[in-house]
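Visitor: I would like to go through this model and ask what each label rests on. Please put the structure up first.

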Amino acid sequence: MTAVGIASGVGGATFYAPLFILGLGLPPPLAIGSGLVVEVFGFGAGVYAYVRRQLIDYRIGRAMLVATLPAALAGTLAAHYMQADILKLVLGMGLVAVAVSFLRGPDAASTTKLDELARQSPDVAETCLTTARGEEICYTVCNKTEGRLLSGIGAFFMGAVSSGLGELNGYFLLRRCRVPGSVSVATTVFVVAVTALVASVGHVAQIGQEGVPQLVTMGRLLLFTVPGVLVGAQLGPALAERVPDRVMEIGLGVLFAVTALLLLYEAGLQ
């Protein structure tokens with residue numbers, strides 16, 4: 001799951017939080033907090049992989065973090081004041097939106113065309129990155145205010161229900177802002193990793209106030225999941241290069257649709 005998340009830019013907690021709720025029966029705040037901590041390990045390792053490939057645009061990343069960090073903390077606080085069924089409902093509806101966005105996404109030809117339109121010649125581009133392979137990628141960033149707004153909204157939902165930031169960032173950077181695909185995914189992973197770190201610290205602090213047993217449960221869960229997550233994170237960038245984007249999008253769309261239906265059923269929408 002982590003490898004797929006790193007390859008697509010989708011937050012790892014989007015996979016793990018529903019799994020912890022449905023498979024292990026954890027209370028939603030504990031499941032969401034644990035999922036975000038797992039995401040920090042997975043996406044932290046993924047950031048390292050993209051750093052080696054020199055694909056992260058740190059200027060875009062810093063601009064987005066100004067909006068995402070406070071929004072994520074606000075979402076974290078909201079999660080611990082909401083009823084469990086409401087959290088499941090919001091998470092389920094969020095996963096439905098994510099599934100639809102993947103299933104209705106552009107085909108490979110359209111994505112390739114978007115990527116080509118994003119690339120500019122060095123003499124007119126605002127930004128140029130040289131990858132570890134020696135490839136020069138040049139482009140101009142647009143709609144920066146819209147990007148901060150969307151990132152802030154996504155970060156709030158990440159803090160509250162673990163999902164939203166990676167999906168909105170991926171949409172904005174490639175389809176709205178015309179940042180080339182490889183840079184979009186790498187920069188999204190960087191922003192999601194840092195934001196998830198802040199949100200997970202907020203959740204751990206809130207869970208700690210609820211008692212030591214909750215922290216013990218989280219620790220045991222992380223002990224079994226983190227090693228596999230670290231391995232999967234290193235496979236993500238390679239997976240992104242080998243698996244066609246449309247194939248991955250359809251697979252993720254079906255997975256999230258099924259998970260959303262199960263969560264909505266659990267929340268009482270039968």
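Visitor: Which residue in β2 does Thr130 stand opposite?

Guide: Thr130 stands opposite Glu136 in β2. This is a predicted model, in which local features need pLDDT of at least 70 and side-chain atom pairs count only at pLDDT 80 or more, while totals for chains, interfaces and linings use all residues. Residues are numbered from 1 along each chain as its sequence is written, and side-chain values use heavy atoms, with hydrogens and water left out.

Visitor: What makes β1 and β2 a pair?

Guide: Two strands pair if DSSP finds at least two bridges between them. β1 (residues 127-130) and β2 (residues 136-139) have four bridges, in the antiparallel sense. Strands here are DSSP runs of E with at least two residues, and helices are runs of H or I with at least four, numbered from the N terminus. The two strands form a hairpin with five residues between them, and Gly134 in the turn has a positive phi of about 90°.

Visitor: Why is Asp57 called buried?

Guide: Buried means under 20% relative accessible area, exposed over 50%, and partly exposed in between, with a 1.4 Å probe and protein chains only. Asp57 has 3% relative accessibility, so it counts as buried. Asp57 lies in the loop between α3 and α4 (58-79). Contact means heavy atoms within 4.5 Å, and, leaving out residues up to four places away in sequence, Asp57 touches Thr127, Leu129, Tyr139, Val183 and Thr187. Asp57 and Leu129 are 72 residues apart in sequence but 7.7 Å apart in space, C-alpha to C-alpha.

Visitor: Why is Ile250 called partly exposed?

Guide: Ile250 has 39% relative accessibility, so it falls in the partly exposed class. Ile250 belongs to helix α11.

Visitor: Why is α3 called largely enclosed?

Guide: Of its 26 residues, 20 are buried, so α3 is largely enclosed by the rest of the structure. Just after α3, Gln54 takes a positive phi of about 55°.
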